[in-house]
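The entries below are in the order in which I took them.

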Amino acid sequence: MNARIGALILLVLHVVVAGCGGANPVEVPIQVQVSISPAMANLNQGGTQSFTAVVTGTSNSAVNWTLQEGAAGGSVTNTGAYTAPSKSGTFHVIATSQADTTQSATATVTVAAVVIFLNQTGVTLDTGDQFAFVANVTGTVNTAVSWAIQEGPAGGNITNSGLYSAPGTDGTFHVIATSQADTTQKATATVTVAPLIVSVIPPSNLLGLLGARDFIATVNTSLNPNVTWSVQEGAAGGAITAGGQYTAPNTTGSFHVVATSVQNPTKNGIASVTVGGSGFRPTGDMSTARTVHTATLLPSGKVLIVGGDSCFFNGYYYEFCPLSSAEIYDVGAGTFATTGKMSVPRVFHTATLLNNGKVLVTGGHDASAELYDPASGTFAVTGSMSVGRDSHTATLLASGKVLIAGGQTLSGAGAAAELYDPTSGTFTATGTMTTQRTSHTATLLANGKVLIAGGSNSVGATLATAELYDPNSGTFTATGAMAAARMSHTATLLANGNVLVTGGIANTANGASLSSAEVYDVVAGSFSSTGAMITVRDSHFAILLANGTVLVAGGSFGSTGGFTAELYTTGNGTFTETGGMETARALAAAVLLTDGRVFVSGGSDTISAELYK
């Protein structure tokens with residue numbers, strides 16, 4: 001049974017409640033309801049969205065479309081086609097039932113703000129050069145812009161399409177793109193007009209015969225930064241690749257590397273190269289890039305390369321690329337060959353040649369240690385240290401035992417020391433250092449004692465203190481302090497029995513590197529300053545040569561001489577420059593070969609190796 005109740009327009013649902021003798025139907029009214037789709041929309045200014053409304057509870061499904069904000073909120077047709085206004089904000093589209101005007105549904109529309117992005121916000125051009133600016137406009141369907149120059153004609157010229165032409169005078173100018181949809185929205189690019197300059201880095205260099213150098217060229221233009229490389233003296237002055245790798249000739253002299261702008265071949269930059277008698281020259285490449293690895297000269301004359309990190313300077317220490325691999329460098333062939341792997345990856349570890357010809361590798365991962373046997377080309381686990389360490393020192397004593405001292409532990413820099421006995425394959429505790437140290441040096445003196453110098457402690461403070469380990473008593477005692485606190489420095493035993501200390505980091509807070517050097521007098525038990533290095537260095541290497549001079553090369557962090565090298569002469573206490581390396585090397589591994597040459601590998605995440613002669 002159908003019925004009308006007052007002025008309400010209801011659809012009556014017949015519900016029959018059945019009883020034993022039957023019953024009259026109970027009429028339940030259903031209310032009109034409106035739903036809208038989509039319920040939310042995100043649009044650009046001027047964008048469109050089709051809304052649909054569904055009406056239930058009535059046979060009349062028609063709706064009226066309106067905007068809560070009126071004309072300021074955009075427009076909507078009688079079919080639900082909405083167009084966003086030319087301004088950002090939040091607006092509301094309403095669908096109201098024609099059958100019951102008290103029933104409606106609302107959709108929320110978010111209209112984005114107009115934003116302009118330029119393909120370049122700063123460019124450098126030569127006078128008269130052209131550059132095509134591109135404006136990307138978001139938040140509106142009208143992506144057109146108007147172009148202008150803030151300084152007017154004096155700042156150059158720009159077309160409607162954004163093609164800018166620099167003026168004939170140098171200066172700084174500003175290109176402005178204004179949205180045509182919203183003229184309050186602008187983007188500005190700064191244009192520097194200056195003569196095109198090609199710069200070559202390094203601008204000067206000292207190399208040995210057949211030495212190599214990686215040159216870099218920069219061009220102060222935003223149009224074409226590419227260059228072509230050449231040697232001014234032709235083949236007589238050496239050779240250079242398209243990538244800027246120069247190889248010196250086998251004759252001494254002064255030569256010039258030239259980088260010529262591709263954009264403007266009349267402009268070039270020139271680096272001067274002096275080729276002397278001594279210096280580095282490339283040898284074979286390792287199987288992988290390595291930094292903070294070790295290099296150990298074997299009795300056979302070959303070099304064992306162990307562990308390290310292949311992306312130390314590109315990632316976080318020990319996060320990505322620690323290595324368990326090892327390889328052998330054949331001095332005669334100038335090539336590398338892989339050998340057995342360690343049981344674990346190791347970084348900032350130590351590798352010490354024992355009197356039995358095996359190599360003891362410690363720490364750099366945990367407390368474990370292992371032995372490399374050159375005869376079998378394999379590693380075997382040996383006894384473990386009392387604590388896990390890295391950045392510690394390992395010193396072969398006259399007794400054949402190895403002193404392990406300090407280093408970074410889980411609780412910070414350590415002061416504990418222990419001895420490794422090759423006969424038993426075990427570590428036993430020995431005296432404790434007078435202070436905690438990590439990234440320090442340990443040098444075996446002619447009298448059998450070990451000089452421990454510098455480093456940093458658990459709170460990161462660099463140390464100037466030094467101490468001596470006496471193998472006879474198994475104790476450490478303080479000795480004279482250095483003139484400067486330093487870590488990541490070098491300490492080299494000189495032919496006269498004294499110790500040369502060079503460079504290092506003076507302050508861990510700012511990474512400031514040192515050029516200073518000092519000498520420890522074994523008899524006096526004190527340090528005294530000697531001549532300063534030509535450049536500041538840390539994380540470098542220093543090797544005593546057969547002629548008594550000390551080769552110092554490489555460096556990183558605050559260093560400026562990552563690829564340069566110098567020689568220290570004990571007689572006059574001065575440093576002089578010598579032929580540099582092919583590339584900058586920090587935390588590389590270097591060793592003196594039996595033929596008197598110096599072999600250096602890796603560092604700064606490089607795969608290459610070089611020989612100094």
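The notes start with the whole chain and then go to single residues.

**Entry 1: confidence**

I noted first that this is a predicted model. The mean pLDDT of the protein chain is 93, and 94% of its residues reach 70 or more. I then looked at residues 1-22, where the pLDDT is below 50. Beyond near neighbours in sequence, that stretch has 26 contacts in the model.

**Entry 2: whole chain**

I looked up the secondary structure and found 0 helices and 61 strands in the protein chain. For the dimensions, I took the box along the principal axes, and the C-alpha atoms fill roughly 120 × 85 × 45 Å. The radius of gyration of the protein chain is 38 Å, whereas a compact globule of 613 residues would have one near 25 Å.

I also checked burial, and buried residues make up 49% of the 613 residues. The accessible surface comes to about 26,200 Å², and carbon and sulfur atoms account for 54% of that surface. For contacts between residues at least 6 apart in sequence, I found that 50% join residues at least 24 apart.

**Entry 3: the disulfide**

Which cysteines does a disulfide join? I found C311 joined to C321, with an S to S distance of 1.8 Å. The count for the structure comes to 1 disulfide. The torsion about the S-S bond of C311 and C321 is about 85°, so I recorded the disulfide as right-handed. C311 and C321 each lie in the loop between β32 (303-306) and β33 (326-330), so the pair ties together parts that are 10 residues apart in sequence. Are these two cysteines buried or exposed? Both C311 and C321 are buried.

I then looked at S324, which lies in the loop between β32 and β33. At 17% relative accessibility, S324 counts as buried because the cut-off is under 20%. Leaving aside neighbours within four places in sequence, S324 is in contact with K341, M342, V344 and P345.

**Entry 4: salt bridges**

How many salt bridges does the structure hold? I have 10 salt bridges on record, and I followed up some of them.

The side chains of K267 and D126 meet in a salt bridge at 3.4 Å, N to O. K267 lies in the loop between β28 (253-261) and β29 (268-275), and D126 in the loop between β13 (122-125) and β14 (130-132), so this pair ties together parts that are 141 residues apart in sequence. K267 is partly exposed at 24% relative accessibility, whereas D126 is buried at 11%.

The side chains of E370 and R346 form another salt bridge, at 2.6 Å, N to O. E370 lies in strand β37 (residues 369-373) and R346 in the loop between β34 (335-339) and β35 (350-353), so the pair ties together parts that are 24 residues apart in sequence. E370 counts as buried at 1% relative accessibility, and R346 counts as buried at 0%.

I also looked up R597 and D595, whose side chains meet at 2.9 Å, N to O. R597 is partly exposed, with a relative accessible area of 22%, and D595 is partly exposed at 44%.

**Entry 5: backbone**

Most residues other than glycine have a negative phi, and most peptide bonds are trans.

The peptide bond from S37 to P38 is cis, with omega near -5°. P38 lies in the loop between β3 (33-37) and β4 (40-43). The peptide bond from I201 to P202 is also cis, with omega near -5°, and P202 is in the loop between β21 (198-201) and β22 (204-207).

V292 is not a glycine, yet I found a positive phi of about 50° there. V292 lies in the loop between β30 (280-282) and β31 (294-297) and is buried, with a relative accessible area of 7%. S439, which is not a glycine, has a positive phi of about 60°. S439 lies in the loop between β44 (426-429) and β45 (441-444) and is partly exposed at 21%.

At 67% relative accessibility, A495 counts as exposed. A495 and M482 are 13 residues apart in sequence, and I noted 20 Å between them in space, C-alpha to C-alpha.

Definitions and conventions
Residues are numbered from 1 along each chain as its sequence is written. This is a predicted model: local features need pLDDT of at least 70, side-chain atom pairs count only at pLDDT 80 or more; totals for chains, interfaces and linings use all residues. Side-chain values use heavy atoms; hydrogens and water are left out. A disulfide is a pair of cysteine sulfur atoms within 2.5 Å. Helices (H or I, at least four residues) and strands (E, at least two) are DSSP runs, numbered from the N terminus. Buried means under 20% relative accessible area, exposed over 50%, partly exposed in between (1.4 Å probe, protein chains only). pLDDT is the predictor's confidence in each residue, from 0 to 100. Contact means heavy atoms within 4.5 Å. A salt bridge is a side-chain nitrogen of Lys or Arg within 4 Å of a carboxyl oxygen of Asp or Glu. The radius of gyration is taken over C-alpha atoms; the globule rule is 2.2 Å times the number of residues to the power 0.38. Accessible areas come from the Shrake-Rupley method with a 1.4 Å probe; for residues, only the protein chains shown count as cover.
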